[in-house]
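Me: I am new to this structure. Can you show me how to read its features, one at a time?

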Amino acid sequence: MRKTQIFRAFIIAIAAMLPIEGMAQGKATEANTKKQDWAQFYVFQKDNARIMKQAREPQKGMCPKCEWKNRKIKAVLMGDSITELWWDLDSTFFKDNNFVGRGISGQTTSEMLVRFRRDVLDLNPQYVFILAGTNDVAQNNGKISPENILGNLKSMVELAKAHNIKPILCSVPPAAGFVWRKDLTPAQDIIKLNKMIRDYAESLSIPYIDYHSLLSDENGALPKKYSKDGVHPITEGYKVMEGLLLDEFRKIDGSKDR
């Protein structure tokens with residue numbers, strides 16, 4: 001009898017462990033899947049689905065704080081951590097202007113190009129602001145020439161135009177160094193890349209927003225009043241960017257339904 005009770009207790013204990021083990025395996029599988037998702041489609045997958053559903057089936061009776069989710073998207077801001085942190089520090093700017101942020105930390109133009117369909121085209125905005133290139137200059141995925149960085153930007157522009165989305169190109173913000181790549185001195189590389197972006201934009205009459213000129217000091221760096229690490233703006237830096245973006249956007253858009 002005692003042996004039977006002990007065996008039964010052992011079986012119950014094993015059974016109790018199974019769900020935990022299953023959960024652990026599930027989390028491990030999810031982690032592996034995300035690791036294999038090079039372009040990081042998973043980051044905005046759920047929110048993209050929500051936006052597309054909302055466009056098909058607008059919800060009624062939403063609370064005032066959530067009402068912004070029901071509006072048609074005016075523009076997507078495509079980018080890296082600079083765009084990602086922008087939403088984190090001032091999401092009101094996005095909500096008030098019917099903008100959606102699609103920035104992912106560490107990404108280069110190559111990764112952004114791969115996810116451009118899911119994170120921009122599928123959302124069917126009127127405009128897309130493309131702010132990209134910092135991590136290319138930082139060689140996050142290895143060395144890449146300025147010509148090929150520009151080529152990725154051109155491909156994003158061409159995709160947007162093919163889907164009747166108006167592209168707006170932005171300069172790469174200034175940086176005299178990268179905290180994660182202290183062996184690089186990127187100030188002049190960024191200036192060179194921005195000239196290429198500007199020349200391309202002007203050749204096709206594509207709007208160009210020059211954040212670099214407003215944020216840069218005399219050494220091509222992002223000063224402490226705008227950034228703690230010399231790369232990512234703080235609130236004061238984003239306020240400068242917001243003012244410029246909205247000034248330029250009013251000229252481009254001209255509508256009052258924002």
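Me: At what angle do helix α3 and helix α10 pack?

Reply: This is a predicted model. In it, α3 (residues 81-89) and α10 (residues 235-253) pack at an angle of about 100 degrees. Their axes are 11 Å apart. An angle of 65 to 115 degrees counts as roughly perpendicular, so α3 is roughly perpendicular to α10.

Me: Which residues make the contact?

Reply: From α3 come Ser81, Ile82, Leu85, Trp86 and Leu89. Thr235, Tyr238, Met241, Glu242 and Leu245 come from α10. Seven of the contact residues are nonpolar, two are polar and one is charged.

Me: How do I check the length of helix α8?

Reply: Count 1.5 Å a residue. The 17 residues of α8 (187-203) should then span 24 Å. The end C-alpha atoms are 25 Å apart, which agrees. After α8 comes Ser205, with a positive phi near 55 degrees.

Me: Which residues of α8 are buried?

Reply: Start with the general idea. Residues three or four places apart in an α-helix point the same way, because there are 3.6 residues a turn. In α8, the buried residues include Ile190, Leu193, Ile197 and Tyr200. Their cover includes α7 (146-162) and β4 (166-170).

Me: Which residues touch the most other members of the largest nonpolar core?

Reply: In soluble globular proteins, nonpolar side chains tend to be buried together. Here the largest core has 36 residues. Phe116, Val128, Ile130, Leu169 and Ile197 touch the most other members. Elements giving two or more residues include α5 (109-119) and α8. Another core, of 23 residues, lies apart and includes Met241 and Leu245.

Note on methods
Residues numbered from 1 in each chain as written. Predicted model: local features only at pLDDT ≥ 70, side-chain atom pairs only at ≥ 80, totals over all residues. Heavy atoms only, no water. Helix = DSSP H or I, 4+ residues; strand = E, 2+ residues; numbered from the N terminus. Expected span 1.5 Å × (residues − 1). Buried < 20%, exposed > 50% of the residue type's maximum accessible area, 1.4 Å probe, protein only. Contact = heavy atoms within 4.5 Å. Axes fitted to C-alpha atoms, helices over the stretch in contact; angles between N-to-C directions. Parallel < 35°, antiparallel > 145°, perpendicular 65-115°, else oblique. Nonpolar A, V, L, I, M, F, W, Y, C, P; charged D, E, K, R; others polar. Core = buried A, V, L, I, M, F, W, Y, C linked by side-chain atoms within 4.5 Å.
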